[in-house]
Amino acid sequence: MNHTAFVELLNLACGALLVTAVLILWRRQLAAIIRWFTVQGLALTAIAAIIAVDGHDARLGAIAAGVFALRVIALPLLLRRALARAEADGGGRALRETSPLVNVTASLLAAAVLTLLAYAVSRPVVQLTPASPAAHAIPIGLAVALIGFFALVTRRRAMSQLASFLLMDNGITAVGLLTTAGTSLIMELGISLDVLFAAAVLQVLTSRVRDTFGHADLDELRELRD
Amino acid sequence: MRTQALLLASVAVPLFGAACFLLATLRPRPGWRLTAWVSPACAALSLGAAIALAVVRSGHGPVTALGGLVRADSLSEFMLIVIGAVGLLATAASPAWLNAEIAARRASPRAAAKHSALVQLFLAAMAAAVLTASLGLTWVAIEATTIVTAFLVGQRKTRQAVEAAWKYVMICSTGIALALLGLLVLNAAAAHAGLPAGLDWTRLVAAAPHLNRGVTRIAVALLLIGFGTKAGLAPLHAWLPDAHGQAPAPVSALMSGVLLSVAMYAILRVKVIADLALGTEYTRTLLLILALASLLLAASLLISQRDYKRMLAYSSIEHMGLLALGAAAGSPLAVAAVLLHMLGHGLAKGSLFISAGRVLQLTGTHRIDRVSGLASRAPLLAGCLGLGILALLGFPPFSLFASELGIARAGFASGLGWVTTVALALVLVIAAMLLTHVSRMLLGPAPAATEGGLAAGAAPPQAGTERASTASVIQNGSVATLAPPAIYAAETAKPAAMFPDSGLLPVVVALAACAVLGVYAGPVTTLLHAAAQAVVTP
């Protein structure tokens, strides 16, 4: 792959990553959120694959396959199953985030501010390897992580909090891939397994919240406080 | 070879225990009473292995195993002892606790076996966290404990327990995700400095002076906040009171004594790298902010606390704040005091949580004002609670006295006079509050049996209530033969049920160990100083 094509493909994939993050923040319909989450997983796989092909790095290729298996297949499947169960319990109505703490316009503005913040904060990391095109995309990974964090604290449904947590995790993974400093394979494996298990535990808890509280609106979680 | 076996035993033994209990979940009913004791047996073996390792390796350098994946220096050896000691305390108290739950029909033998399996997995993950050579794998092990303990926190499946479990997993996973971001950034800095992949701690320390300062600064801030979440330090502490309040008593003991300490261990490891790369000021400032915020928060929320398990949880936040203060001081003496404080706090707080769990089983209420006159109804339990609180507040025979004094002295010696003074003032406020709350539980008249029965109505078993009332009749009978008629009349008007004092032997032993450690630390001192040397920058 020649260098220009590499840079353009990488930028395209990173752009897709950021756009899907904003779309996840924008949409309220949980089914749509899961769909865009899957697309974002594909963008993340693409980033890993592009860097792997450019650097002729077989290990990174294996990681790309792992990212695909985890973030395009396993996690969306988990989310879809949780959603199907929740909708069946709710009498077949499509589940949506009804009353987030911040409205759509303000959320999108916040996303813009967070992206700027990500660029400002990650300057030293970009400066570390200024010649690498991947390094210049690190702020995008950070922006996605920040947007995920923002979604996490402003949403009230257990299911959409779970999706926001995974969005944040996608951003962190993107930072990891874009720094192109390889981590050891066993660490990579441990991190992926931990994320998968955390998501599975949260999914089980989601259904348990629904069983005990009637529905999975976290506004109901007000029993414990001082 | 022998050291390697001892090293791996601390992970392998709990894993074996977990496997036993997973098998037991298949056919839980026959012989549960016997199976229950596998848990303390495994914990005792692990503690034995940890002590043996410390003795064998005393005076030697770090040892590695499994091709460099596992590395133990004096600090890891000391942490293994902390994990083993608190683990033994919690698991030794488990069979009595679980049997009471089974008798009360709040848990089945299958649930009890599952509980024990998860506890063993938790202990294995914690031992792995302090034994791995790489910061990355330490992260993986610490995050694994979040997953393992989630179901332990939510074990009771009540509204409160489910809420606590949700908050626990959500906040801890988010916090620890920040730590992961920090690790990835640190990894980028390390790769730039020419290190091979893997975040090996020794290599990071060796290369620390060459790490890019700007990048390391971001990484360290993220790592401190991330691991600080797991240690219950202030900005992201919200999971701690809920999880500790709702988890089963032995699990609260483990989380407070082991989980928080191991997260603090990770912070100590990160601090070494940060100090070498950035100078001591940066981490010190961050840690002081976390410490003071934690102390302030604990003090303000303890003042009007109504739930005794949450009260103990806020006291854990206070003690983590003290540990952060000691870490900020950073001298060898300060770090040795921090480590001793970890062990003392684990033993004292573990004892208190187990006693509190017993109080909950007997009275069926979390509220401080609904429990009174414990001293007259269950003298041994009340004694354990009272002594535990005295130990926690740092009264002399107990080791927390020595360690708190050490932290305060180190604070003044390293030019943190003002901060230490403020911290000590907050500690005094907290001590006053704890004493007020606990004395209200222990002293005063016992509530009338009818009222107690109403308060306890939902929780304790029918059989238990009956037994308790028979006991009270016998008690009143024996009192009646001795007491003057007036008192006898008062007794019959307000019969206070005596509670059985059982299952408290581990608590008594742990408190005794804490006191012995305070009077004569002996060989532990050597280990403490060696461990402190491992994480103090020259």
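Q: What percentage of the 538 residues of chain B count as buried?
A: This is a predicted model, in which local features need pLDDT of at least 70, side-chain atom pairs count only at pLDDT 80 or more, and totals for chains, interfaces and linings use all residues. Residues are numbered from 1 along each chain as its sequence is written, while chains are lettered from A and ligands numbered from 1 in the order in which they are written. A residue is buried if 20 or more other C-beta atoms lie within 10 Å of its own, exposed if 12 or fewer, and partly exposed in between, with C-beta atoms placed from the backbone. For chain B the buried share is 61%.

Q: Which residues of chain B have pLDDT under 50?
A: pLDDT is the predictor's confidence in each residue, from 0 to 100. Chain B has a mean of 86, and 89% of its residues reach 70 or more. Where pLDDT is low, the predicted coordinates should not be read in detail. In chain B, pLDDT stays under 50 over residues 450–495.

Q: Which helix gives the most to the side of domain 1 of chain B that touches domain 3 of chain B?
A: The domain assignment, automatic or from a database, gives chain B domain 1 (1–130), domain 2 (134–278) and domain 3 (299–455 + 512–538). Two residues are in contact if their C-beta atoms, placed from the backbone, lie within 7 Å; here the contact takes 15 residues from domain 1 of chain B and 17 residues from domain 3 of chain B. Helices are DSSP runs (H or I, at least four residues), as are strands (E, at least two), numbered from the N terminus. With 12 residues, the top contributor on the domain 1 side is helix H4 (residues 74–103) of chain B.

Q: How many residues does H8(A) supply to the side of chain A that touches chain B?
A: The contact takes 37 residues from chain A and 42 residues from chain B. On the chain A side, helix H5 (123–128), helix H6 (138–154), helix H7 (158–178) and helix H8 (185–213) each supply at least two residues. The largest share comes from H8(A), with 13 residues.

Q: Is B:Lys157 buried, partly exposed or exposed?
A: B:Lys157 lies in the loop between helix H6 (135–153) and helix H7 (159–192) of chain B. Leaving out residues up to four places away in sequence, B:Lys157 touches A:Arg208, A:Thr212 and B:Val162. Because B:Lys157 has 13 C-beta neighbours inside 10 Å, it counts as partly exposed.

Q: On which residue is the kink in H3(A) centred?
A: Helix H3 (residues 58–89) of chain A has 32 residues and reaches 45 Å from its first C-alpha to its last, close to the 46 Å expected. The bend at a residue is the angle between axes fitted to the seven residues ending there and the seven starting there. H3(A) has a kink of about 25°, centred on A:Leu70.

Q: Which helices of chain A do the buried residues of H3(A) pack against?
A: The buried residues of H3(A) include A:Leu60, A:Ile63, A:Ala64 and A:Val67. An α-helix has 3.6 residues a turn, so residues three or four places apart point the same way. The buried residues of H3(A) pack against chain A helices H2, H7 and H8.

Note on methods: The expected span of a helix is 1.5 Å times one less than its number of residues.
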